[in-house]
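Hi,

Here is the structure I promised to pass on.

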Amino acid sequence: MMKFEKMSTPITIGNMVVKNRFVVPPMGNNFANTDGTMSEQSVAYYSARAAGGFGLITLEATVVHPGAKGGPRKPCLYDDAFVPSFKAVIDACHAHGAKVSIQLQNAGPDGNAKNAGAPIEAASAIANKCGKDIPVAVPTARVYELAQGYGEAAKRAMAAGADAVEIHMAHGYLVSSFISPRTNKRVDEFGGSFENRMRFPRLIVDAVKKAVGDKVAIIARINGADDMPGGIDVHDAATIAAELEAMGVQGLHVSRAVHLKDEFMWAPTQTHAGFNAEQAAEIKRAVSIPIITVGRYTEPQYAELMVREGRADLVAFGRQSLADPELPNKALAGKLSDLTPCIACLQGCVANMFKGEPICCLTNPALGYESQNISPASTAKRVLVAGGGVGGLYAAFLCAQRGHSVTLYEASDTLGGNMRLAAFPPGKGDLTNMVRSAIVKCQKTGVQILLNTPLTMDEIKAENPDAVIVATGATTLMLPIPGIDAPEILHGGDVLAGTVAAGKKVLVVGGGMVGCETAAFLGERGHDVTVVEFRDTCGADVINEHRVYLMEDFRNYRIGQVTSAKVVAFYTDGVDYDSPDGSRHTLRGYDSVVLSMGYRNYDPLSADLEAAGIPHYTIGDATRARRALDATREAYDTALEI
Ligand SMILES: Cc1cc2nc3c(=O)[nH]c(=O)nc-3n(C[C@H](O)[C@H](O)[C@H](O)COP(=O)(O)O)c2cc1C
Ligand code: SF4
């Protein structure tokens, strides 16, 4: 088993000594107060990561200019009044031996004029994407003023006790819009040549150096590549890195992509640790200051290799630090089987960040509730859990952690429910980690697990529990369509589980996420697949970063798509469907028809429990088929209530 010797070695950035190589990168979390100060929840959130062993914690993108606050819960440092709240966060992290860096940001063209109360600004008047405001090209004299704003914010960071500042020069935001020729079309001294495009970063670094001297380390976050034609590529990035080092930047955090390519910024499940490794290594070759690499690091084995092989000096764990704040402590203690994995679902963190709501996490429902410990219940109770999907597993171990005596009943011979099956389509293997980690937590907390044992009312009456948690999940949605229940019609879940075999030519009925992923699963194995979908787009409910790769599978495996098609009859070799104009069509001649029209709740117990007056809680899909995020959230809330 790997020992993580390099990851546990201290390192110096500027004058800051970091105790190990585990970094929390900046992540907007919307825990700050709407007045721009850090909140008590901010303190609880960051100090939990410090207590978990991270050596360097980067506070989220912090607004440096008035009029540039792009979201209601973005923390700000454009006024001294914000300093004490930052100090509270930093003191709490220092108490656990972590160093703290603050990311200094102006979102520029990715800002939000309505929220900021001022027009958004960029190097040139180019909207970042369709639907975004067109920014104002910053007037030349104002570029000099904006640079000073970074210096003033850095001074406040120092007053708050920060060990470092991280100047945000990545992701297409204000500074990045000046650096990249894709977005900088200026003809003044800030445009054209490389030297001119680097003039704004140079002014910023000068202002920050002047403000903090050698008391605060200066880090810059840059893109290893913009991932856009004509944008910064890795060779440009190496040159930028060398230039920043020459300016006096003392560490570089190499991130990736602009928001048109978010699948590289916070990569989905199919992308694994190390996909940014070559960029980091190329940049490291160009400089002698420490390099932080980032991107889908979860379990830290590859991180150790990156440092051991000298391709990076520190490794940032973004979403993994949301899923498990104790990653470093667990890794260094050889307890990685206890790790709660980030499965890169993007359901809770990025989705909420963009909505301006506090972030949450599918695998870690305690994210955002750090101050509310899972403390022992005042009375130990007898709890029965029906269903061994992730909702049931989470409810079971969380109740057991509170000191309750828990038995979990699973009707089938395997735990994990639909989440286990969701790991079978291409690129989704890591979902298994979530199921496995929940099983381990049940085992370690003493949950009694009974397989092949559906929980019945007779059993409940015999056990006389204090509470029953109904987490029986969902079952295949069977709409009232002629022929849908013929035994020859295969169910998507059975195809994924390998309990039925599809023929060569397959029609998948239902082009939502599950249907599309089932189609990709079959396509990867060489089946000739067509998907028929009611909506006008296949995979419309799939999160964009995942959908990019799903549609790539569709192209690679030549999966046919028939959309805006309302299926009105099933046959053993196909379907009839109606188009929106009322015309009827037929799709026949398939070897197999696979039903994937969605799920509906399966709850054989709640009504009887209600009638019998037995305290019960119905959670997750058993209430209504929804996201797994809802199941783990409700499991957590229920465990706290019992
Ligand atoms: C919820 C969320 C918020 C983020 N906010 C920021 C931010 O404020 N500044 C920034 O530079 N990057 C931000 N990022 C990007 C992360 O710092 C990191 O580069 C990215 O998540 C990739 O790392 P990971 O795969 O380990 O999650 C954010 C990512 C997430 C998931
Ligand atoms: S919500 Fe999903 S992607 Fe985000 S941290 Fe949690 S597991 Fe990872």
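In this predicted model, domain 1 and domain 2 bury about 1,100 Å² between them, with 53% of that on carbon and sulfur atoms; buried area here is the accessible area (1.4 Å probe) that two parts lose on being put together, summed over both. Thr269, Ile343 and Gln347 supply 43% of what domain 1 buries against domain 2, more than any other three residues.

As for the bounds, domain 1 covers 11-355, domain 2 covers 382-476 + 601-641, and domain 3 covers 490-597; they come from an automatic or database domain assignment. The centres of domain 1 and domain 2, taken over C-alpha atoms, are 39 Å apart.

Elsewhere in my notes is a salt bridge between the side chains of Lys444 and Asp338, at 2.5 Å from N to O.

The UniProt record (unreviewed entry) places "domain: NADH:flavin oxidoreductase/NADH oxidase N-terminal" at residues 9-332; such annotations may be inferred rather than shown by experiment.

On conventions, residues are numbered from 1 along each chain as its sequence is written, and chains are lettered from A and ligands numbered from 1 in the order in which they are written. Local features need pLDDT of at least 70, side-chain atom pairs count only at pLDDT 80 or more, totals for chains, interfaces and linings use all residues, and side-chain values use heavy atoms, leaving out hydrogens and water.

Best wishes

Methods: A salt bridge is a side-chain nitrogen of Lys or Arg within 4 Å of a carboxyl oxygen of Asp or Glu.
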